[in-house]
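Please look over the structure shown here.

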Amino acid sequence: MIPFSKIGDILAEIKGLTDFVIIGDTIVDLSLGRKGTDSDIDLFMLGLSVLVDEDKIREFAFERGWDFGKTPIDTPRIIASVDDDQLQIDMYENIQDFFVPEEIINSAIEMRIGKEKFKIVRLEDYILLKTNAFREEDEDELKTIVYLIGEGKLNIDKKYLESHIDLFEENSKSIRDRLALIGIKI
């Protein structure tokens with residue numbers, strides 16, 4: 001597990017390059033109050049394009065001795081060494097089937113990770129992003145979140161969740177059906 005204190009240092013460096021919002025399953029670790037994560041960090045980039053500015057991101061990584069690669073949808077991935085571990089940071093923007101509604105980005109909250117605060121999507125919006133994608137691993141993760149809600153370890157605001165479903169336009173009915181399937185009744 002990589003401690004959030006060290007992740008915060010790396011994110012602070014990336015913040016020097018551009019602003020971003022954390023959108024991945026790190027949200028669950030942070031919501032649970034964990035001290036670190038075994039996961040990668042998924043960032044929705046705000047100040048630059050992951051496609052147009054790829055060379056800038058690559059150069060930024062190499063200047064720090066970090067590795068550079070690609071995500072499954074061909075966006076930049078930085079791999080930073082943290083002690084004996086490697087932290088994978090995947091960078092996204094709205095391309096192809098990858099879609100994060102602007103209102104979700106605008107609704108991001110600040111949370112302290114290490115010494116600094118960073119914007120993260122709300123847990124409810126993370127659930128909607130996972131429900132929209134709904135790959136096999138997304139379904140498993142959503143079921144775990146529902147279990148943690150049932151155990152009282154996580155809380156969600158169902159009214160907020162419902163208010164953001166329609167941001168996914170033509171997928172909103174599917175999202176409602178999938179939420180019901182995993183046990184979140186709206």
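The model is predicted.

**Helix contact.** The axes of helix α5 (residues 123-133) and helix α7 (residues 158-165) come within 9 Å. They cross at roughly 45°. The two helices are therefore oblique to each other. The crossing of α5 past α7 is right-handed. On the α5 side, the contact uses Glu124, Asp125, Ile127 and Leu128. On the α7 side, Tyr160, Leu161, His164 and Ile165 take part. By class, the contact residues comprise five nonpolar, one polar and two charged.

**Aromatic pairs.** The whole structure holds four aromatic pairs. Two of them are tabulated here.

| Pair | Geometry | Centre to centre | Angle between planes |
|---|---|---|---|
| Phe20 and Phe118 | stacked | 6.0 Å | 15° |
| Phe99 and Phe168 | edge-to-face | 6.3 Å | 85° |

Phe20 sits in strand β2 (residues 20-22) and Phe118 in strand β9 (residues 116-120). They are 98 residues apart, so this pair links distant parts of the chain. Phe20 is buried at 2% relative accessibility. Phe118 is buried too, with a relative accessible area of 1%.

Phe99 lies in the loop between β7 (85-92) and α4 (102-106), and Phe168 in the loop between α7 and α8 (172-182). The pair therefore ties together parts 69 residues apart in sequence. Phe99 is partly exposed at 38% relative accessibility, whereas Phe168 is buried at 3%.

**Thr26.** This residue belongs to helix α2 (residues 26-31). Thr26 has a relative accessible area of 1%, so it counts as buried. Beyond its neighbours within four places in sequence, Thr26 contacts Phe4, Asp40 and Ile41.

Note on methods:
Residues are numbered from 1 along each chain as its sequence is written. This is a predicted model: local features need pLDDT of at least 70, side-chain atom pairs count only at pLDDT 80 or more; totals for chains, interfaces and linings use all residues. Side-chain values use heavy atoms; hydrogens and water are left out. Axes are lines fitted to C-alpha atoms, for helices over the stretch in contact, and angles run from 0 to 180 degrees between N-to-C directions. Helices (H or I, at least four residues) and strands (E, at least two) are DSSP runs, numbered from the N terminus. Angles under 35 degrees count as roughly parallel, over 145 as roughly antiparallel, 65 to 115 as roughly perpendicular and the rest as oblique. A crossing is left-handed if the near helix is turned anticlockwise from the far one by less than a right angle, and right-handed if clockwise. Contact means heavy atoms within 4.5 Å. Ala, Val, Leu, Ile, Met, Phe, Trp, Tyr, Cys and Pro count as nonpolar, Asp, Glu, Lys and Arg as charged, and the others, Gly among them, as polar. Buried means under 20% relative accessible area, exposed over 50%, partly exposed in between (1.4 Å probe, protein chains only). Rings of Phe, Tyr and Trp (its six-membered ring) pair if their centres lie within 6.5 Å; planes under 30 degrees apart count as stacked, over 60 as edge-to-face and the rest as tilted.
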